[in-house]
Amino acid sequence: MPSYIVTCKQDASDEDVQAVKQHSIDQGGKISHEYSLIKGFAVEFPDSVVNTLESHPHVENVEADSEVKTQ
């Protein structure tokens, strides 16, 4: 399954972030990492279902997880 980084809105409470995580799990996702510097997490999620996350009211952004390099 592809991995995605989910960023919650800045004004999302801890309970709101937990609700987004639970929604991800309920839709077949598997949380692979939780971030402490941002309100977000990485999730392995089937492509066919990722659109349900993007429309969640507490989600700011959903993007494909990929390797980042510096020069």
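Select helix H1 and look at the face turned away from its buried side: the exposed residues Glu15 and Asp26 sit there. Exposed means over 50% relative accessible area, buried means under 20%, and partly exposed lies in between (1.4 Å probe, protein chains only). Helices (H or I, at least four residues) and strands (E, at least two) are DSSP runs, numbered from the N terminus.

A word on the model before you go on. It is predicted: local features need pLDDT of at least 70, side-chain atom pairs count only at pLDDT 80 or more, and totals for chains, interfaces and linings use all residues. Residues are numbered from 1 along each chain as its sequence is written, and side-chain values use heavy atoms, with hydrogens and water left out.

**Stop 1: the buried side of H1**

Now select Val17, Val20, Lys21 and Ser24, the buried residues of H1. Why do they lie on the same side of H1? They cover an arc of only 100° around the axis, which puts them there. The arc is that of the directions from the helix axis to the C-beta atoms. An α-helix has 3.6 residues a turn, so residues three or four places apart point the same way.

Check the length next. H1 has 13 residues and reaches 18 Å from its first C-alpha to its last. That is close to the 18 Å expected at 1.5 Å a residue. The expected span is 1.5 Å times one less than the number of residues.

**Stop 2: serine 24**

Stay in H1, which runs over residues 14-26, and pick serine 24. Serine 24 counts as buried because its relative accessibility is 0%. What is serine 24 in contact with, leaving aside its neighbours within four places in sequence? The list is Gly29, Ile31, Phe41, Val43, Phe45 and Leu53. Contact means heavy atoms within 4.5 Å.

Step past the helix to glycine 28. Glycine 28 follows H1, and its phi is positive, near 100°.

**Stop 3: the sheet**

Show the strands. An open sheet of 4 strands has the order S2-S3-S1-S4, with antiparallel pairing. The edge strands are S2 (30-34) and S4, and each pairs on one side only. The twist averages 25° from one strand to the next. Axes are lines fitted to C-alpha atoms, for helices over the stretch in contact, and angles run from 0 to 180 degrees between N-to-C directions. Two strands pair if DSSP finds at least two bridges between them.

Walk across the sheet, pair by pair:

- S2 and S3: 4 bridges, antiparallel. A hairpin joins them through 5 residues. Select lysine 30, opposite glutamate 44 in S3. Then select histidine 33, opposite alanine 42 in S3.
- S1 and S3: 5 bridges, antiparallel. Threonine 7 has glycine 40 in S3 as its bridge partner.
- S1 (residues 3-8) and S4: 5 bridges, antiparallel. Isoleucine 5 stands opposite glutamate 63 in S4.

In a regular strand the side chains alternate between the two faces of the sheet.

**Stop 4: phenylalanine 41**

Select S3. Of its 5 residues, 4 are buried, so the strand is mostly covered. Phenylalanine 41 has its place in strand S3. Is phenylalanine 41 buried or exposed? It is buried, because its relative accessible area is 0%. Not counting residues up to four places away in sequence, phenylalanine 41 touches Tyr4, Ile5, Val6, Val20, Lys21, Ser24, Ile31, His33, Glu34 and Tyr35. Draw a distance to cysteine 8: the two C-alpha atoms are separated by 8.7 Å, and the residues are 33 apart along the chain.

**Stop 5: the core**

Select Tyr4, Val6, Cys8, Ala12, Val17, Val20, Phe41, Val43, Phe45, Leu53, Val59 and Val62. These 12 residues make up the largest nonpolar core. Such a core is a set of buried Ala, Val, Leu, Ile, Met, Phe, Trp, Tyr and Cys residues joined through side-chain atoms within 4.5 Å. S1, H1, S3 (40-44) and S4 each supply at least two residues of this core. S1 gives the most, with 3 residues.

Zoom in on alanine 12. Alanine 12 touches Val17, Lys39 and His58, not counting residues up to four places away in sequence.

**Last stop: valine 62**

Valine 62 is found in S4 (residues 59-64). Valine 62 counts as buried because its relative accessibility is 13%. Where is isoleucine 5 from here? Valine 62 and isoleucine 5 are 57 residues apart in sequence and 5.8 Å apart in space, C-alpha to C-alpha.
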